[in-house]
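Please look over the sequence and the structure before reading on.

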Amino acid sequence: MPLCVSATFCGAAMPIAFYGIYGHVNNYWRPVLQVYVVRILWMVPIYAVCSLAELVLWLRAERGCDACERWTAVPGALRDCYESYTVLNFFYFMVTFLEVHYGEPAVKVLRRGICPPPVHS
């Protein structure tokens, strides 16, 4: 039963994610930012496939497959590595967005803060 539910949601998430990825790649009007968006959107299919593979290996290991028990950690490790890469790309996206939007380095924008500097009269 958990395998059917997991496969259903994996199958539902993949076309939606690929549609979003295709939309960004097809309309590459702001490549400086969209390269990060595409990398972040790849998280959905990678996470879904790795989680499904880990579940399949875990279920087979519970039924007595010793070889499957050894490999159960591999999809989880791949998923965790790409999750870390996605967090890094989100950070780069935010920094690049600040630089593109304000026209100056992100450090200056962040040091200045949300409020404009006070005007002395």
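## A starting residue

In which helix is arginine 79 found? Arginine 79 is found in helix α5. Helices here are DSSP runs of H or I with at least four residues, strands are runs of E with at least two, and both are numbered from the N terminus.

The model is predicted, so local features need pLDDT of at least 70 and side-chain atom pairs count only at pLDDT 80 or more, while totals for chains, interfaces and linings use all residues. Residues are numbered from 1 along each chain as its sequence is written, and side-chain values use heavy atoms, with hydrogens and water left out.

Arginine 79 has a relative accessible area of 13%, so it is buried. Buried means under 20% relative accessible area, exposed means over 50%, and partly exposed is in between, with a 1.4 Å probe and protein chains only. Apart from neighbours within four places in sequence, arginine 79 is in contact (heavy atoms within 4.5 Å) with Met43, Tyr47, Cys50, Ser51 and Glu54.

## Helix lengths

The expected span of a helix is 1.5 Å times one less than its number of residues. Helix α1 covers residues 2-26, which is 25 residues, and reaches 36 Å from its first C-alpha to its last, close to the expected 36 Å. The 20 residues of α3 should span 28 Å, and the end C-alpha atoms of α3 are 28 Å apart, which agrees. Helix α5 has 30 residues and reaches 44 Å, close to the 44 Å expected.

## Helices α1 and α3

Two packed helices are described by the angle between their axes and the distance between the axes. Axes are lines fitted to C-alpha atoms, for helices over the stretch in contact, and angles run from 0 to 180 degrees between N-to-C directions. The axes of α1 and α3 come within 9 Å and cross at roughly 165°. That makes α1 roughly antiparallel to α3: angles over 145 degrees count as roughly antiparallel, under 35 as roughly parallel, 65 to 115 as roughly perpendicular and the rest as oblique. The crossing of α1 and α3 is left-handed, meaning that the near helix is turned anticlockwise from the far one by less than a right angle; clockwise would be right-handed.

Residues of α1 that meet α3 include Leu3, Cys10, Met14 and Phe18, and among those on the α3 side are Val44, Leu52 and Leu59. By class, this contact of α1 with α3 has 16 nonpolar, one polar and no charged residues. Ala, Val, Leu, Ile, Met, Phe, Trp, Tyr, Cys and Pro count as nonpolar, Asp, Glu, Lys and Arg as charged, and the others, Gly among them, as polar.

## Helix α2 and its partners

How do α2 and α3 cross? The axes of α2 (residues 31-41) and α3 (residues 43-62) come within 5 Å and cross at roughly 15°. That makes α2 roughly parallel to α3. Arg39, Ile40 and Leu41 in α2 meet Met43, Val44 and Pro45 in α3. The residues of this contact of α2 with α3 are five nonpolar, no polar and one charged.

Helix α2 also packs with α5 (residues 73-102), at an angle of about 160° and with the axes 9 Å apart. That makes α2 roughly antiparallel to α5, and the crossing of α2 and α5 is left-handed. Tyr36 and Val37 are among the α2 residues in this contact, and Tyr85, Phe93 and Val100 are among those of α5. The contact of α2 with α5 has 12 nonpolar, three polar and one charged residues.

## Buried residues

In α1, Cys10, Ala17 and Ile21 are buried, and the buried residues of α1 pack against α2 and α3. The buried residues of α3 include Met43, Cys50 and Leu55; what covers the buried residues of α3 includes α1, α2, α4 (66-71) and α5. In α5, the buried residues include Gly76, Tyr82 and Leu98, and their cover includes α2, α3, α4 and α6.
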